[in-house]
Structures are given as C-alpha cells and as structure tokens.
Amino acid sequence: MRNLYRPFACFSLILLFGLNSCKQENAKPDYRHEMRKFVEKISANGRALRPGFIVVPQNGLALLSSDGTSTGTAESAYINSIDGVGQEELWYGYDNQDDQTTPELEHEDLLKMGIFARSHGLSVMVTDYASTPSKIDDSYSKNYANNFISFCADHRELDNVPAYPQVPFNITNSSISNLADAKNFLYIISPSAFATKEEFIHAIEISNYDLVVMDLYFDETTMINAADLNRIHTKLNGGNRKVICYMSIGEAESYRWYWKPYWNAAPPSFIVAEDPDWIDNFSVRYWDPNWQAIICGMNDSYLKRIVDAGFDGAYLDLVSEYEYFEE
C-alpha cells in the first residue's frame with residue numbers, strides 16, 4: 001500500500017526514464033535474494049540503533065522460502081531478521097477493489113504462506129479492505145481462526161479510525177512488549193483527512209489498538225515527533241502499545257524529504273520508471289547502494305529518522321517489487 005497522505009499534490013515530472021529503463025545490466029541480479037538482503041540490512045541497522053526494533057515487510061511472502069512456496073526450504077537468515085509479515089487482501093479487497101472477495105486460487109496460496117510464516121515463529125498482520133459489516137466481521141473471524149492479527153479498512157485510503165466495529169476486534173487492556181503480544185492493529189498512514197496534526201494524534205490516542213502502523217510525516221514537511229509518540233504509546237485503557245512506521249523501500253516517492261529537485265530532469269540511475277497506478281511513485285533498483293544509503297545507510301537516512309522520532313519499528317512496503325523486475 002503506497003502512502004496516500006498527499007492526494008492534493010500532483011507534479012508534472014519530466015523524467016528521463018526512457019534512458020534509465022532501457023539500460024541493460026551486464027548480469028541480472030537475483031531479485032528475491034537482493035530484496036532479502038536489503039531487508040536484512042535494514043533490520044540489522046535498526047536493531048543496532050534500537051535493540052528490539054520491530055521489522056515487518058508487507059506482501060512478498062514468497063521471500064520466506066527458497067522457491068516461494070509453503071513447501072520450500074525456509075530462508076532462515078531472512079526469517080530471523082524480521083518479526084512478522086504483513087499481507088493485504090487475504091480475504092477481501094482483491095485487485096484494489098474494496099469489498100471484493102479474493103478469488104480462491106490467489107487466496108489459497110497467500111493463506112498457505114501465512115501459515116508457513118506462523119510455523120516459523122512470525123506474527124502475521126493481515127489488512128483486508130471491506131465496508132460491509134458482515135464482511136468486516138468475516139475478515140476478523142477468519143484471521144483470528146488462523147492465529148493472524150488483522151485490520152479491516154473500510155476504504156482504501158487508510159486515513160481513518162474505522163467506526164465499525166466500535167471497539168477493536170479482540171481488544172485487550174494488556175501492555176504490549178513485542179509484536180507477538182499484539183492482538184489487533186490500526187493501519188493509518190494517510191493523515192490528510194484530519195485538519196491538523198493534533199486532531200490526527202488525538203484520534204489515535206483515544207483508541208485501544210495494541211499496535212499502530214503510521215507514517216513518519218503528517219504532511220510533506222511536518223514530522224511526527226517524540227512528544228506525539230509519547231501520547232500514542234499509551235492506549236485509552238492505560239496499556240502500552242507499539243507504534244511502527246510505514247516506509248516504502250521498493251519505490252521512491254517524489255514528495256519525500258530525500259527527493260532532490262534536479263531529479264525531475266536528471267533522475268539518479270537507481271530510478272527506473274514511474275508506477276502507472278500510483279502518481280509520484282517510482283520503481284527503483286533497490287539493490288543499488290545509493291538507494292540503500294537513503295533508506296538505511298546515511299546518518300540522516302530514512303531509518304535513522306524513524307528511530308530518532310521514537311518509533312518501535314518499521315513496516316516495509318513494496319518488498320514485493322522483485323515481482324516487477326522478474327516480469
């Protein structure tokens with residue numbers, strides 16, 4: 001799920017993607033291996049900066065095994081570097097269509113990989129997209145039956161605390177020490193529906209979710225800071241919760257702090273092409289050292305900003321970008 005907190009922003013980018021996308025590399029990387037190594041690097045750096053730093057890659061469950069199936073050999077180094085996995089549209093929201101049931105063939109493979117992840121000690125965070133109450137109930141019930149924690153978004157933008165159900169599914173007043181303790185979560189990465197940062201922080205503060213996935217920024221320039229997180233870290237019922245930060249690692253976003261104005265005319269070599277489905281999002285050669293430095297290698301890296309703000313971990317999106325290059 002790409003970050004959508006900027007629906008009002010639309011740049012006319014004149015990018016030299018024809019040149020970049022036509023460059024042929026001498027030898028094709030092992031795209032899955034490179035993504036695993038990238039996630040492992042993020043994890044090692046995050047845990048060095050903050051012991052116990054939580055790492056959850058979203059989608060890309062095929063990375064868990066050698067052949068991408070639930071019968072393959074577990075990729076132990078990768079599995080040991082993460083605390084859980086996220087998966088969208090397991091039951092509802094198929095093909096970006098809210099309330100649409102995921103077809104059995106696609107669902108079956110995802111479910112098997114989710115069970116595979118659980119069998120190797122990982123938490124499984126499922127995000128479904130449904131607005132019909134009966135489907136929302138069904139999503140929570142089925143995920144619970146499979147020992148997954150879940151969030152059912154009532155619309156795709158991920159910009160609200162859902163009104164239904166009135167309280168989080170499987171609510172608890174216990175304090176959360178690690179990802180495995182969480183019984184539910186809130187996924188809210190698009191604050192644009194809130195008039196002010198204070199309104200946004202307050203909406204989360206008065207909820208009772210065990211875990212929150214949110215963005216580092218309220219808008220293009222306003223960061224979520226330690227004072228904000230201190231408020232969010234306590235549930236309304238008094239228990240402590242974990243807060244982890246959304247970060248796209250498979251695509252660059254032109255509205256982020258790291259985007260240089262001159263990239264509009266002369267993009268760096270790691271940028272490949274604009275995502276036709278998501279304006280201002282650009283596929284990257286994620287194995288490129290220059291891109292990895294932006295994410296986790298520099299003193300002012302994305303990861304360092306997340307840790308310095310006080311987040312408990314990172315929720316890594318576009319881990320599945322290896323599929324783009326394989327195709």
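At what angle do the axes of α2 and α9 cross? In this predicted model, in which residues are numbered from 1 along each chain as its sequence is written, local features need pLDDT of at least 70, side-chain atom pairs count only at pLDDT 80 or more, and totals for chains, interfaces and linings use all residues. Side-chain values use heavy atoms, with hydrogens and water left out.

The axes of α2 and α9 cross at roughly 35° and come within 10 Å of each other. Helices (H or I, at least four residues) and strands (E, at least two) are DSSP runs, numbered from the N terminus. Axes are lines fitted to C-alpha atoms, for helices over the stretch in contact, and angles run from 0 to 180 degrees between N-to-C directions. The crossing of α2 and α9 is right-handed; a crossing is right-handed if the near helix is turned clockwise from the far one by less than a right angle, and left-handed if anticlockwise. In this packing, Ile42, Asn45, Gly46 and Leu49 of α2 meet Leu303, Lys304 and Val307 of α9, where contact means heavy atoms within 4.5 Å. The residues of the contact of α2 with α9 comprise four nonpolar, two polar and one charged. Ala, Val, Leu, Ile, Met, Phe, Trp, Tyr, Cys and Pro count as nonpolar, Asp, Glu, Lys and Arg as charged, and the others, Gly among them, as polar.

Helix α2 (residues 31-49) also packs with helix α8 (residues 289-297): their axes come within 10 Å and cross at roughly 30°. The two helices are therefore roughly parallel to each other, a description used for angles under 35 degrees, whereas those over 145 count as roughly antiparallel, 65 to 115 as roughly perpendicular and the rest as oblique. The crossing of α2 with α8 is right-handed. Here Phe38, Lys41, Ile42 and Asn45 in α2 meet Trp291, Gln292, Ile295 and Cys296 in α8. Five nonpolar, two polar and one charged residue make up the contact of α2 with α8.

Six of the eight residues of α9 are buried, buried meaning under 20% relative accessible area, exposed over 50%, and partly exposed in between (1.4 Å probe, protein chains only). These are Tyr302, Leu303, Arg305, Ile306, Val307 and Ala309. The buried residues of α9 pack against α2, α7 (226-232), β7, α8 and β11. Helix α9 (residues 302-309) lies across β7 (242-248) and β11, at about 160° to β7. Gly310, which follows α9, has a positive phi near 110°.

Strands β7 and β11 belong to an open, parallel sheet of five strands in the order β1-β11-β7-β6-β5. Two strands pair if DSSP finds at least two bridges between them. Because β1 (54-57) and β5 (185-188) stand at the edges with a single partner strand each, one side of each is left without a neighbour in the sheet. Neighbouring strands are turned by 20° against each other on average, direction ignored. Four parallel bridges link β1 and strand β11 (residues 313-317), with Ile54 opposite Gly313. Likewise, β5 and β6 run parallel and are joined by four bridges, with Leu186 opposite Val212. Both faces of β6 are covered, as Leu211 and Val213 on one side and Val212 and Met214 on the other are all buried.

Glu321 lies in the loop between β11 and α10 (322-326). With 5% relative accessibility, Glu321 counts as buried. Residues up to four places away in sequence aside, Glu321 touches Met35, Gly250, Glu251, Ser283 and Tyr286.
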